[in-house]
Amino acid sequence: MKVPVFKDLEKIEFQEKPTPRIGPGEVLLEVKWCGICGSDVHGYLNGILVPPGTVMGHECAGVIADVGEDVHEFKVGDRVVPKPLAQCGECYWCKKGQYSLCPDGLGKAFGISPEHDGAFAQYLRVEYPKEMLFKLPEGVSFEEGALVEPLATSLHAVRMSRLGVGDNVVILGAGMIGLGVLQFVRLGGARKIIVIELSERKRAIAMETGADIVINPLDEGEALRERIFEMTGGIGADVVFECAGVPSTFQACASLVKSGGQVILVGINDKEVSINPFFLVLWEVELKGVLGYYDEFGLVIDFLRRKKINTEVLISDRISLESLVEKGFHRLLSSQDSVKILVNP
Ligand SMILES: [Zn+2]
Ligand SMILES: [Zn+2]
């Protein structure tokens with residue numbers, strides 16, 4: 001099979017590789033769809049989290065093509081979604097169910113290191129099927145299956161927040177993660193949902209998926225805080241979700257939340273940001289980072305089975321593996337309008 005190998009910044013080379021061999025306890029997955037994650041694009045552009053030699057792709061769904069010895073939970077033909085972060089099951093965090101904090105998780109993950117090839121390929125070797133594989137029920141498509149991973153991140157962010165029924169919410173950034181957060185806070189009983197997003201296309205999708213108000217931050221400029229306070233009875237948002245991962249939105253967060261409110265940081269931002277701690281103290285604002293997911297995969301699959309999530313609007317395009325760079329990475333880098341691009345290997 002021909003797979004895209006990340007060679008260097010902005011350089012991906014297609015190489016011929018044999019179909020992965022599986023050992024005892026392992027599973028071979030035929031990949032049906034794999035989404036391009038913001039972190040793949042980040043890696044392609046900046047090399048963050050992705051060393052040279054990596055085959056990327058971690059948001060996929062497929063069908064089991066082969067099972068190794070001692071695999072009893074799964075059989076050939078099962079439709080499944082793999083959770084890319086495996087956990088050890090024994091460390092301090094795993095015992096508390098905080099799987100994304102397992103120090104072993106990232107090392108075992110596929111699609112982010114040369115040791116474990118990712119799902120931008122026809123076949124994926126799943127080394128820890130018991131921890132990693134989730135069955136897809138009838139009525140949930142492979143395309144929806146490929147959205148489970150990012151949706152699990154969104155759901156985790158909402159579950160880690162102090163959102164209560166009737167709370168006003170601000171979401172910064174209406175990409176895949178922000179639009180997932182939006183749908184889950186709607187299910188969670190949010191009162192007014194305000195989405196701040198630069199792209200007109202994404203603002204339209206936010207309206208379609210349950211936002212009450214969408215704002216183009218460029219229209220508001222310095223008056224953004226005033227607008228948000230106006231819309232929330234002069235109080236500010238109960239919970240702010242930062243889903244854009246850029247320094248300016250990070251800085252805006254603390255000024256949009258109410259005194260005593262909470263800011264959830266979901267977007268990945270590795271740039272230095274200066275923040276004046278005085279305001280956090282003065283307004284008793286809580287800043288909380290969240291990463292990945294604990295046990296949300298099964299919950300997301302159940303929400304999809306019950307048709308509680310609008311997935312169709314989240315899929316901006318479906319492309320072939322050969323066009324991964326041109327129609328995938330380049331498009332995501334040149335335009336703000338795409339949400340999720342799915343790749344069919
Ligand atoms: Zn991802
Ligand atoms: Zn662990």
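Predicted model: local features only at pLDDT ≥ 70, side-chain atom pairs only at ≥ 80, totals over all residues.
**Domains**

I started at the domain contact: nine residues of domain 1 are in contact with twelve residues of domain 2. On the domain 1 side of that contact I sorted the residues by type and got four nonpolar, three polar and two charged.

I then went back for the bounds. The domain assignment puts domain 1 at 2-147 + 311-344 and domain 2 at 153-289. Taken over C-alpha atoms, the centres of domain 1 and domain 2 are separated by 29 Å.

**Core**

Next I looked up the largest nonpolar core, which has 105 residues. Which of its members touch the most others? I found Ile171 and Phe241. Helix α7 (residues 176-187) gives the largest share of this core, seven residues. Both domain 1 and domain 2 give residues to the core, so I place it between them.

I listed the contacts of Ile171, leaving aside its neighbours within four places in sequence. They are Gly178, Val181, Leu182, Ile193, Val195, Phe241 and Cys243.

**Sheet**

I traced an open sheet of six strands, in the order β10-β9-β8-β11-β12-β13, with parallel pairing. Which strands stand at the edges? They are β10 (213-215) and β13 (286-289); each has a single partner strand, so one side of each is left without a neighbour in the sheet.

Then I zoomed in on one pair. Strand β9 (residues 193-196) and β10 run parallel and are joined by three bridges.

**Val263**

My last stop was Val263, in strand β12 (residues 257-265). Is Val263 buried or exposed? I counted 24 C-beta neighbours inside 10 Å, so Val263 goes down as buried; the cut-off for that is 20 or more.

Leaving aside neighbours within four places in sequence, I have Val263 in contact with Val240, Glu242, Cys253, Ala254, Val257, Val285, Glu286, Leu287 and Lys288. Among them, Glu286, Leu287 and Lys288 fall within edge strand β13 (286-289).

I also checked Val263 against Glu197. The two are 66 residues apart in sequence, and I get 17 Å between them in space, C-alpha to C-alpha.

Terms used. Residues numbered from 1 in each chain as written. Chains lettered and ligands numbered in written order. Pairing = 2+ DSSP bridges. Helix = DSSP H or I, 4+ residues; strand = E, 2+ residues; numbered from the N terminus. Core = buried A, V, L, I, M, F, W, Y, C linked by C-beta atoms within 7 Å. Buried ≥ 20, exposed ≤ 12 C-beta atoms within 10 Å, placed from the backbone. Domains from an automatic or database assignment. Contact = placed C-beta atoms within 7 Å. Nonpolar A, V, L, I, M, F, W, Y, C, P; charged D, E, K, R; others polar.
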